[in-house]
Amino acid sequence: MGGGNWWDVLPREVYSTLERVETGHPWYSVYRIHDWLYAILEDGQYDEALMYLIIGEDRAALIDGGTGIGRLDLLVAELTDKPCLLLLTHTHNDHVGGCRVFDEIAVFDDAMSRESAAEGLGREKMGEMLEGDAVIREYPPGFDPENFHAPPYEVTRWLGDGDVVDLGGRMLEVLHTPGHSSDHVCLLDRDARYLYTGDIYYTGAVTSYLPGGDHEAFIESCRRLVDLIPHYDWLMPAHNEPLVEEGQMAEMLRAAEDIGAGRLTEYTERRSVAVNYDVLVRRFQFSRFSLSVRADLFSE
Ligand SMILES: [Zn+2]
């Protein structure tokens, strides 16, 4: 990303086209996309976690739980009085933060998510998200950075591939899409023609090298999502910006395939920076995203 600061790109262009909603929780920037759909953005923190509140006739679903720095439960209660299911796309630290304040939690059932729920994440792993210049907005009242952690949480619905989450008049189809992590899912709303992509696609630094990642699986998942393009118009990613044109999914597939086949020679190489996780990583830059993979992908 060159020199400059990570926040120099803020506010991202797409938000000027959306209706901003003022709430009692200024840690989050909230935008109304429809009367039943809100985008909730943590643009005061480096990861720019982006969540979606989807309101059905019977209940609501919040896709992803963000960093956990703010009180998502209280924010959601301002936007809907329906009971809300927290639906995780996967269990990395910038997605599970909100688990401690929700009673109903759904996540894909595999060893990685079972471990996340049973053990939570400690201060060191969660604290990664507070380091250096990662936070540029004042912490919300009551937040204690010294004691920041994700306690174990109870999953009330273990998801499988092909499951449908029915909110009443609004259906979300669960697509197991490993590659960024083994427990990763995308959610497809065929009626509204939205694909909630989690971390398989966003306009930023996408990875297949993190714990639970697998580049071959990443390619396979992209292929499956490209095959489904006739059923959605917009990508709704878990970071940075919503409402990305569906054709970008084909761009991600091409990028992942070209990297996997060793066809691309321009990249930067560095050690990954994450607690207890140190691997050599190659980062490939494309027009609207980068894709970083383990360097040992190319060693055999
Ligand atoms: Zn992730």
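Colleague: Is Leu-243 buried, exposed or partly exposed?

Modeller: Count the neighbours. This is a predicted model, and we count C-beta atoms around the residue's own. A residue is buried if 20 or more other C-beta atoms lie within 10 Å, and exposed if 12 or fewer do. Leu-243 has 17 other C-beta atoms within 10 Å, so it is partly exposed.

Colleague: Where is Leu-243 found?

Modeller: Look in the loop between strand 14 and strand 15. Its backbone deserves a glance too. Leu-243 is not a glycine, yet its phi is positive, about 60°.

Colleague: Which loop holds Asn-240?

Modeller: Asn-240 lies between strand 14 (234–237) and strand 15 (244–245). Asn-240 also has a positive phi, about 75°, and is not a glycine either.

Colleague: Is Asn-240 buried or exposed?

Modeller: Asn-240 has 22 other C-beta atoms within 10 Å, so it is buried.

Colleague: What should I look for in the peptide bond from Leu-10 to Pro-11?

Modeller: Read omega. Here omega is near -10°, and the bond is cis. Pro-11 sits in the segment before strand 1 (19–21).

Colleague: How do I describe two packed helices?

Modeller: Use the angle between their axes and the distance between the axes. Now take helix 5 (residues 215–227) and helix 6 (residues 248–260). Their axes come within 9 Å and cross at roughly 150°. An angle over 145 degrees counts as roughly antiparallel. Helix 5 and helix 6 are therefore roughly antiparallel to each other. Their crossing is left-handed.

Colleague: Which residues of helix 5 and helix 6 meet?

Modeller: On helix 5, they include Phe-218, Ile-219, Cys-222 and Leu-225. On helix 6, they include Met-249, Met-252, Leu-253 and Ala-256. By class, the contact of helix 5 with helix 6 has ten nonpolar, two polar and three charged residues.

Colleague: What does His-180 touch?

Modeller: Leave out residues up to four places away in sequence. Then the contacts of His-180 include His-90, Asp-199, Thr-207 and Phe-218. Phe-218 also belongs to the helix 5 side of the helix pair. His-180 itself is in the loop between strand 10 (171–176) and strand 11 (185–189). With 28 other C-beta atoms within 10 Å, His-180 is buried.

Colleague: Where is Val-185, and what does it touch?

Modeller: Val-185 is in strand 11. Among the residues it touches are Thr-89, Phe-108, Leu-159 and Gly-198, again not counting those up to four places away in sequence. Val-185 is buried, with 30 other C-beta atoms within 10 Å.

Colleague: Now the whole protein. How many helices and strands does it have?

Modeller: Six helices and 18 strands. The radius of gyration is 18 Å, close to the 19 Å that the globule rule gives for 300 residues, so the protein is as compact as a globular protein of that length. Its C-alpha atoms fill a box of roughly 55 × 45 × 40 Å along the principal axes.

Colleague: What share of the 300 residues is buried?

Modeller: Buried residues make up 43%.

How values were computed
Residues numbered from 1 in each chain as written. Predicted model: local features only at pLDDT ≥ 70, side-chain atom pairs only at ≥ 80, totals over all residues. Axes fitted to C-alpha atoms, helices over the stretch in contact; angles between N-to-C directions. Helix = DSSP H or I, 4+ residues; strand = E, 2+ residues; numbered from the N terminus. Parallel < 35°, antiparallel > 145°, perpendicular 65-115°, else oblique. Left-handed = near helix turned anticlockwise from the far one by under 90°. Contact = placed C-beta atoms within 7 Å. Nonpolar A, V, L, I, M, F, W, Y, C, P; charged D, E, K, R; others polar. Rg over C-alpha atoms; globule rule 2.2 N^0.38 Å.
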